[in-house]
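Please read them with the structure open.

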Amino acid sequence: MKSVTRSLRILEAVAQHQPVTVGELTKLFGLPKSTVQRTLITLSEAGWLRANRKDTTRWEIGVRVLAVRPAALQGSSLFAAAREPMIRLRDKVNETIHLSVPDALQCMVVVDRVDCDHAVRTYHEIGDTSPLHATATGRAVLAHLPAADVDELIDRGLDSYSESTLTDPSELRTELKRVRTNGYSVNRNQYRPDVCAIAAPILDTDGTPLAAVAISMPDSRYDPAKEPELGRLVTDTAAEVTARRLGA
């Protein structure tokens with residue numbers, strides 16, 4: 001049991017201090033470096049941790065944690081508040097609706113999905129992750145984060161996923177300003193090919209973005225003329241989720 005407790009403590013420490021080195025964890029726990037290294041490798045092999053992409057001497061949370069997180073959220077007030085509004089939105093537009101939450105600045109994580117009845121539709125596995133700068137849900141959240149967080153994300157580098165991915169810092173900041181003005185964000189083939197989405201943020205009482213709800217569809221069904229209407233519908237849904245969560 002001591003080894004299990006130690007592993008959980010190291011996992012929690014990585015989550016709090018990521019990306020973190022073996023040496024930093026050794027000082028934090030007062031354990032032998034070999035013990036910490038062995039625990040990190042074991043957690044990595046199980047998918048709970050991973051080496052940082054840019055600096056492999058540093059460790060961060062792995063995809064298994066992100067996959068477990070949605071199941072834990074299913075009992076949360078956010079999940080409960082969002083489910084019925086998402087179903088009603090799906091019924092209005094007959095497109096896939098999904099709810100995503102930010103994992104700090106690392107990524108967005110899909111935590112719920114309501115499918116449409118089209119034979120051809122977009123599909124988002126629960127637990128799927130995506131970058132903030134290249135997706136509608138990500139930019140809906142990013143637009144309401146402090147400027148320092150946006151700067152940090154940009155300093156890490158804006159990876160390109162398609163010809164239309166926003167990788168220029170100035171263009172991204174301009175887009176985030178537009179999202180704040182309109183209340184919703186738009187992604188047309190900027191992350192996954194032939195996948196479009198319109199998303200709005202779900203905000204806490206202090207304006208902190210907790211999540212984003214999105215209408216997702218194949219590019220073949222995306223009509224730019226309908227964007228304002230879809231934007232209104234998704235922002236109304238996000239506002240309803242916020243109100244339900246707060247008990248209004």
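1. The structure is predicted. Every point below should be read with that in mind.

2. The volume of the largest cavity is about 210 Å³. Its lining is made up of 18 residues. Nearest the centre of the largest cavity lie His98, His124, Ser130, Thr135 and Tyr191.

3. Where the cavity lining comes from. Strand 8 supplies the largest share, three residues. By class, the lining of the largest cavity holds nine polar, seven nonpolar and two charged residues.

4. The largest pocket. This open site has a volume of about 620 Å³. Its lining counts 20 residues. Which of them lie nearest the centre of the largest pocket? They are Arg53, Leu105, Gln106, Arg156 and Asp159. Strand 6 and helix 7 (147-156) are the elements that give two or more residues to this lining. The lining of the largest pocket divides into eight nonpolar, six polar and six charged residues.

5. The second largest pocket. Its volume is about 200 Å³. The lining residues are Lys92, Val93, Glu95, Met217, Arg221, Tyr222, Asp223, Lys226, Glu229, Leu230 and Leu233. Helix 5 (77-93) and helix 9 (227-245) each give two or more of them. Helix 9 has the largest share, with three residues.

6. Helix 1 against helix 3. The axes of helix 1 (residues 2-17) and helix 3 (residues 33-45) come within 10 Å. How do the two helices lie relative to each other, parallel or perpendicular? Their axes cross at roughly 80 degrees. Angles of 65 to 115 degrees count as roughly perpendicular, so helix 1 and helix 3 are roughly perpendicular to each other.

7. The contact between those helices. Helix 1 brings Arg6, Ser7, Ile10, Leu11 and Val14. Helix 3 meets them with Thr35, Val36, Thr39, Leu40 and Leu43. By class, the contact has six nonpolar, three polar and one charged residue.

8. Arg9. This residue is also found in helix 1. Is Arg9 buried or partly exposed? Its relative accessible area is 45%, so Arg9 is partly exposed; the band for that class runs between 20% and 50%. Arg9 and Phe29 are 20 residues apart in sequence, and their C-alpha atoms are 9.0 Å apart in space.

9. Leu49. This residue is found in strand 2 (residues 49-51). Leu49 has 2% relative accessibility and therefore counts as buried, the cut-off being under 20%. Trp59 is ten residues from Leu49 in sequence, yet 6.8 Å away in space, C-alpha to C-alpha.

10. The surroundings of Leu49. Leaving out residues up to four places away in sequence, Leu49 touches Leu11, Val14, Leu40, Leu43, Ser44, Trp59, Glu60, Ile61 and Gly62. Among the residues where helix 1 meets helix 3 are Leu11, Val14, Leu40 and Leu43. These four therefore tie point 7 to Leu49, which counts as buried at 2% relative accessibility.

Technical notes
Residues are numbered from 1 along each chain as its sequence is written. This is a predicted model: local features need pLDDT of at least 70, side-chain atom pairs count only at pLDDT 80 or more; totals for chains, interfaces and linings use all residues. Side-chain values use heavy atoms; hydrogens and water are left out. On a 1 Å grid over the protein atoms alone, a cavity is a set of points where a 1.4 Å probe fits but cannot get out, and a pocket is an open set with protein on both sides within 12 Å along at least five of seven lines; lining residues have an atom within 4 Å of a point. Grid points are joined across faces, edges and corners, and a volume is the space filled by probe spheres set on the points. Ala, Val, Leu, Ile, Met, Phe, Trp, Tyr, Cys and Pro count as nonpolar, Asp, Glu, Lys and Arg as charged, and the others, Gly among them, as polar. Axes are lines fitted to C-alpha atoms, for helices over the stretch in contact, and angles run from 0 to 180 degrees between N-to-C directions. Angles under 35 degrees count as roughly parallel, over 145 as roughly antiparallel, 65 to 115 as roughly perpendicular and the rest as oblique. Contact means heavy atoms within 4.5 Å. Buried means under 20% relative accessible area, exposed over 50%, partly exposed in between (1.4 Å probe, protein chains only).
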